[in-house]
Amino acid sequence: MAKDRDDNGGFSGKRTKSWREIDAGRGKGSKYHSRQDDPAQQKIERSASYEKYKAAADSLFTGGELPEGLAKTFDPEGKRKAQKQAMLKVTESETRADWVKAVVDYLEKYPELPEDVYFLDSLLDHPRERIVDKALAKLEVLSDEGKLKTKVPQSLDQRLKSVELTSMDPDMQGRAKALREKLRA
């Protein structure tokens, strides 16, 4: 009587491998176990053009300077670069008084706040309530969009608590408390 299943057994004489044998055979297919061991891959990664490509890609995703070709397409007037330099001027202020003035100058030039959580975190420490309110509103928007889940400064919780305790505006105190509780959850 013929077999109902086709299991490569029976009269052919071919033995089926066990799962242990199949698993042991995996990963042994090539001479090199990983891309790092492959000399051809290492040669590509050491090349100058690859390094230039990696630097351009990194700067694109980390908010650095755009590569020349993309800068002409996405930022023909250089506004993005000028805004980055203005933001750098704010963060590199030496004294608190210089920082306060640099923040005011920055916001006069660029009224729309960036989506940089670390920059917004620092603005929560500004003496002017209007600027703190603006930074808090932007942080709330980012939180609603789910952008505050991944990378949040450690000081954000304490700065929100500070706004909650020291602000003269009860609405702002409530918003800071709500955002703080939302970030903790």
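**Aromatic cluster and helix packing in the nonpolar core**

Tyr106 and Phe119 are both buried in this predicted model. The two residues form an edge-to-face aromatic pair, with ring centres 5.3 Å apart and 70° between the planes. This pair links distant parts of the chain, as Tyr106 lies in helix 6 and Phe119 in helix 7, 13 residues apart. Tyr106 also pairs with Tyr110 in a tilted arrangement, at 5.4 Å centre to centre and 45° between the planes. Because its relative accessibility is 2%, Tyr106 counts as buried; Tyr110 counts as buried because its value is 17%, the limit being under 20%. The count of aromatic pairs comes to two, and ring pairs join Tyr106, Tyr110 and Phe119 into a cluster.

The largest nonpolar core comprises 30 residues, and Tyr106, Leu123, Leu124 and Leu139 have the most contacts inside it. Two or more residues are given to this core by each of helix 5 (79–91), helix 6 (96–109), helix 7 (117–123), helix 8 (129–144), helix 9 (156–166) and helix 10 (170–184). Helix 6 gives the most, with seven residues. Leu123 touches Trp99, Val103, Leu113, Ile131, Val132 and Ala135, residues up to four places away in sequence not being counted.

Helix 8 and helix 10 pack at an angle of about 35°, their axes lying 11 Å apart, and the crossing is left-handed. Residues in the contact include Val132, Leu136, Leu139 and Glu140 of helix 8 and Met172, Arg175, Leu179 and Lys182 of helix 10. By class, seven nonpolar, one polar and six charged residues make up the contact of helix 8 with helix 10.

Technical notes:
Residues are numbered from 1 along each chain as its sequence is written. This is a predicted model: local features need pLDDT of at least 70, side-chain atom pairs count only at pLDDT 80 or more; totals for chains, interfaces and linings use all residues. Side-chain values use heavy atoms; hydrogens and water are left out. A nonpolar core is a set of buried Ala, Val, Leu, Ile, Met, Phe, Trp, Tyr and Cys residues joined through side-chain atoms within 4.5 Å. Buried means under 20% relative accessible area, exposed over 50%, partly exposed in between (1.4 Å probe, protein chains only). Helices (H or I, at least four residues) and strands (E, at least two) are DSSP runs, numbered from the N terminus. Contact means heavy atoms within 4.5 Å. Axes are lines fitted to C-alpha atoms, for helices over the stretch in contact, and angles run from 0 to 180 degrees between N-to-C directions. A crossing is left-handed if the near helix is turned anticlockwise from the far one by less than a right angle, and right-handed if clockwise. Ala, Val, Leu, Ile, Met, Phe, Trp, Tyr, Cys and Pro count as nonpolar, Asp, Glu, Lys and Arg as charged, and the others, Gly among them, as polar. Rings of Phe, Tyr and Trp (its six-membered ring) pair if their centres lie within 6.5 Å; planes under 30 degrees apart count as stacked, over 60 as edge-to-face and the rest as tilted.
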